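Okay, everyone, let's get going.

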Amino acid sequence: MKNNHESSRRGFIKKLATTTAAVAAGSTVFAVSQDSDTKHFAIQKRSYIGANDSINMALIGAGGMGTGDTITALKVPGTKLVGVCDLYEGRLKDAKNRWGQDIFTTRSYQEILNRSDIDAVIVATPDHWHQQISIDAMRAGKHVYCEKPMVHSIGEGPAVIKAQKETGKVFQVGSQGVSSLGNEKAKELLKDGAIGELNFAEGFWARHSPGGAWQYPIPADASAATVDWDTFVSNTKKRSFDALRFFRWRNYRDYGTGMSGDLFVHLFSSLHFITDSFGPNKIYSSGGLRYWKDGREVPDVLLGIFDYPDQTQAHPAFNLSLRCNFADGTSGNTILKLVGSEGAMDIGWDSVTLRRNKNFSSDDPFFIEKMKQAGTPLSDRKRILPQEEYTFAAEKGYMGGPYDHFFNFFHAIRTNGKVAEDAIFGYRAAAPALLCNDSYNNDTAILWNPEKMQLIKK
Ligand SMILES: NC(=O)c1ccc[n+]([C@@H]2O[C@H](COP(=O)([O-])OP(=O)(O)OC[C@H]3O[C@@H](n4cnc5c(N)ncnc54)[C@H](O)[C@@H]3O)[C@@H](O)[C@H]2O)c1
């Protein structure tokens, strides 16, 4: 493992020298500029292949993300929206107003699956419906774009993987960051040894607003007449109609997957894509309900600690720390950072910032004394220099990770090709997020075999 990494370590320096030389020679491949100690590079935007045919799709779950996903999907050439399914009348009306009165709408996703003119579905329901609808859709011959997290509980993953294998349908999970130029650049930089040997990663989400903390508005007409509540709870605990549970489902464990299933899962997806990792083998979490005491069943501050084992040919053993705070006074921040022996990078969907130490010389008196005692000559004491900083930002006009993720999905359908986030990838990203909840709820560390995707009994 070490050798594998060490052989690529100097690759970054070489590549950088070539790139800088190309720029000096007037190449348009990269634009680079420098202010003070930061060098700026442009990540070249993609070119996309056009389409001669049309893929007909339907949306199942026409809320916030489903609507956003469909708007993005329709920007990809050669796509058409045929039907929309939702359990709330208001969303079906909105869909007709947005996409045309001739759109087929229904409360029953089975009616969508029964239609022979639909090739692909977007599943953007609350988490507790992802598994069943995805499997039913693939078995009905539809390609599926399923929102993250792929499943609602750890035991649900294998059946999705099985359905994908057996049907051969294209199945993509919706952590759109994995298709972004920023994540791709980070993967390349890591491979080239830009941060040396990876030993630590961290990520966080900080929010401080009612919307950010999932206190969504309840429509004025919400009632048992406008909402198909019986279907909503038909695969979980039966309760009488509760608009809060329906419209703020993230706060309740029967339907949502808490902060880790909602947000950490994005960080796992990106991290696994960048490092080619299967995931952690030990998961521990802690947290509490500190601020949004509105009857929710999930914490609003959550910390997760994850041990990643050495994975030959992919990465050395490293540690990951994740946190999420919905009452963070600084608010509005998300970050994914990878730290190695020679530098660190902050990774976004459109950009990467890389920092590397220029030199290292200890001025620790204890260390100097030890060196003297051992008779080891000390090199000249060096000044502490500022870190080298490089920014890599997508060129103007880049369509963005969400577009690339859908382009990737439709392209795989047309070419019978691979998607960025298939069922195995999606399960490996969802599993540590779901186990993070299990660790919190059961107050215990959890052992997981990320390669075999199995729990390990302690
Ligand atoms: N990839 C991302 O960045 C991202 C962002 C937000 C949400 N999401 C995911 O998207 C999904 C939806 O989240 P949201 O914020 O849009 O929620 P939402 O509440 O706004 O929308 C969910 C919709 O699903 C409908 N629904 C519920 N059960 C259904 C069923 N059985 N059949 C058909 N429709 C049903 C609801 O009526 C609602 O309109 C979640 O899984 C969430 O994790 C992903």
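So, Met 57 has Ala 120 in β6 as its bridge partner. This is a predicted model, where local features need pLDDT of at least 70, side-chain atom pairs count only at pLDDT 80 or more, and totals for chains, interfaces and linings use all residues. Residue numbers start from 1 along each chain as its sequence is written.

Four bridges join β3, residues 55-60, to β6, residues 120-123, and the two run parallel. Strands here are DSSP runs of E, at least two residues, and helices are runs of H or I, at least four, numbered from the N terminus. Two strands pair if DSSP finds at least two bridges between them.

Zooming out, six strands make an open, parallel sheet, ordered β5-β4-β3-β6-β7-β8. β5 (104-106) and β8 (171-173) are at the edges with a single partner strand each, so one side of each has no neighbour in the sheet.

Now the ligand. How many residues surround the ligand? It's 25, and the closest are Gly 61, Gly 63, Gly 64, Met 65 and Glu 147; "near" means a C-beta atom, placed from the backbone, within 6 Å. Two or more shell residues come from each of α3 (64-75) and α9 (229-232). α3 gives the most, three residues.

Last, helices. The axes of α7 (157-167) and α14 (423-442) come within 9 Å and cross at roughly 170 degrees; axes are lines fitted to C-alpha atoms over the stretch in contact, with angles from 0 to 180 degrees between N-to-C directions. That makes α7 roughly antiparallel to α14, a label for angles over 145.

Note on methods:
Parallel < 35°, antiparallel > 145°, perpendicular 65-115°, else oblique.
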